[in-house]
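Look over the structure first.

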Amino acid sequence: GEPHTAPRDARGKRKVHPMTSRERVRATLAHREPDRVPIDFGATTVTGMHCLAVERLRAYYGLERRPVKVHVPYNMLGLVENDLADTMGLDIAGVLPRNTVYGYPNENWKEFRTPWGQVVLISGHFQHTTDANGDLLTYPMGDPTAPPSGRMPPSSFFFDTIIRQRTIDEDRLDPADNLEEFGPLSEADLAHFKAGIAAAAGTGRAVIVAVGGTGFGDIAWVPAPGLRHPRGIRDITEWYVSLVARQDYVREVFARQCEIAMTRLQQLHAAVGDAVDIVYLCGTDFGTQTSRFCSLETFDALWAPHYRRMNAWIHANTGWKTMKHTCGAVASLLPRLIDVGFDVFNPVQCSAAGMEPHALKETYGERLVFYGGGVNTQRTLPFGTPAEVRAEVLERCRIFARGGGYIFNAIHCVQANTPVENVVAMLDAVKEFNGAA
């Protein structure tokens with residue numbers, strides 16, 4: 001086989017033939033050292049940039065001034081279009097599910113002035129009102145006759161979910177109520193994925209896809225912000241209580257959802273084959289800043305069987321690699337994620353307890369591809385100096401890129417008021433590490 005570490009010249013620089021973006025990412029996924037560290041911003045809902053950051057970056061690089069498309073209204077992520085992606089040197093293109101978290105597709109774009117004064121483009125289905133406190137309210141399926149499902153306070157830059165929990169009747173709990181938003185891919189879904197994946201592949205970049213419905217207990221989705229009148233257990237606190245107090249119920253919800261997820265994965269593969277490089281399977285967070293949300297035993301009982309089943313089918317029948325996202329202090333969970341078959345781990349929150357970069361790379365670097373971890377988005381990127389950003393990025397690249405198995409991204413999405421100079425310093429530092437600066 002090919003060596004894990006690329007040959008180097010007399011000055012220690014890597015001697016690797018130039019690769020296309022897709023070749024670069026595929027080498028990385030195979031734990032081979034590519035010609036340079038691949039970069040992603042914007043390909044997924046957990047590796048993106050706030051629309052304000054996108055607008056400022058476009059202006060910095062002198063690109064055409066036009067409203068940024070908010071393709072993820074939940075946290076107001078901006079679409080990184082191809083001209084900006086080329087300027088940033090990005091290597092991955094992404095395809096999201098047809099419907100946003102609010103239950104409608106991105107189409108018939110219209111202008112919308114945000115509370116902070118930015119004019120963006122947003123789905124024509126997006127509807128909003130303003131309450132007596134000045135909070136912006138938005139509605140599931142764009143239906144203002146339904147109770148609002150998202151709230152943006154005047155000082156905020158994204159929506160918080162509004163909990164719309166009905167009274168829980170313990171004697172009449174029905175797992176089907178927590179599955180109302182899931183189902184097989186429709187013809188419209190399949191057409192969306194075919195077109196989106198073809199367009200993404202046409203950029204020459206690697207392709208990552210979120211098929212939707214494959215995340216179990218993702219707390220962003222539990223309250224069902226895309227349903228008009230959600231039933232079941234939809235309160236976030238009540239859901240976490242249920243992981244202990246109603247395990248049989250949760251186990252049944254997950255078992256039925258896994259059947260749907262398997263159907264969706266098979267439908268997607270039948271439609272697009274191996275045009276996909278990575279499938280983003282699940283974004284359920286298992287960690288806080290200091291610890292895990294649940295015990296390893298609970299993970300084994302509720303999540304592991306379904307993760308193992310999806311990963312096993314994907315690896316047996318496709319050329320896809322699979323990604324698991326979980327924030328927080330989850331170092332103790334990584335052996336489980338490897339055991340159930342995940343190939344890629346994101347966002348690599350190095351600021352959380354026990355998530356020291358050297359230890360993560362040394363212990364798991366041959367079995368997990370690290371996707372993220374490039375700079376602290378809670379402190380360094382938003383509040384540091386450009387010099388501090390550069391130093392941290394170079395250090396993380398030196399640690400994680402050794403021997404391959406590393407895709408550069410920040411730790412989760414770049415937030416709204418992050419100084420554009422720091423974002424540029426981050427990108428320039430990766431280029432410097434790659435020998436292109």
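How far is the sulfur of Cys397 from the closest cysteine sulfur? The distance is 11 Å, to Cys350, which is too far for a bond. This is a predicted model: local features need pLDDT of at least 70, side-chain atom pairs count only at pLDDT 80 or more, and totals for chains, interfaces and linings use all residues. Residues are numbered from 1 along each chain as its sequence is written, and side-chain values use heavy atoms, with hydrogens and water left out.

**Cysteines**
- A disulfide is a pair of cysteine sulfur atoms within 2.5 Å; the count here is 0.
- Cys397 is buried at 0% relative accessible area (buried means under 20%, exposed over 50%, partly exposed in between; 1.4 Å probe, protein chains only).
- Cys327 is also buried, at 15%.
- The closest cysteine sulfur to that of Cys327 belongs to Cys413, 9.2 Å away and too far for a bond.

**Sheet**
- Four strands form an open antiparallel sheet, in the order β6-β7-β8-β9 (strands are DSSP E runs of at least two residues, numbered from the N terminus; two strands pair if DSSP finds at least two bridges between them).
- β6 (128-130) and β9 (160-161) are the edges; each has a single partner strand, so one side of each lacks a neighbour in the sheet.
- β7 (136-138) and β8 (150-152) pair in the antiparallel sense over 3 bridges.
- Leu137 stands opposite Arg151 in β8.

**Asn409**
- Asn409 has 0% relative accessibility and counts as buried.
- A polar atom of the Asn409 side chain lies 3.4 Å from the backbone oxygen of Thr47.

Methods:
Polar contact = N/O pair within 3.5 Å; in protein donor to acceptor, adjacent residues only side chain to side chain.
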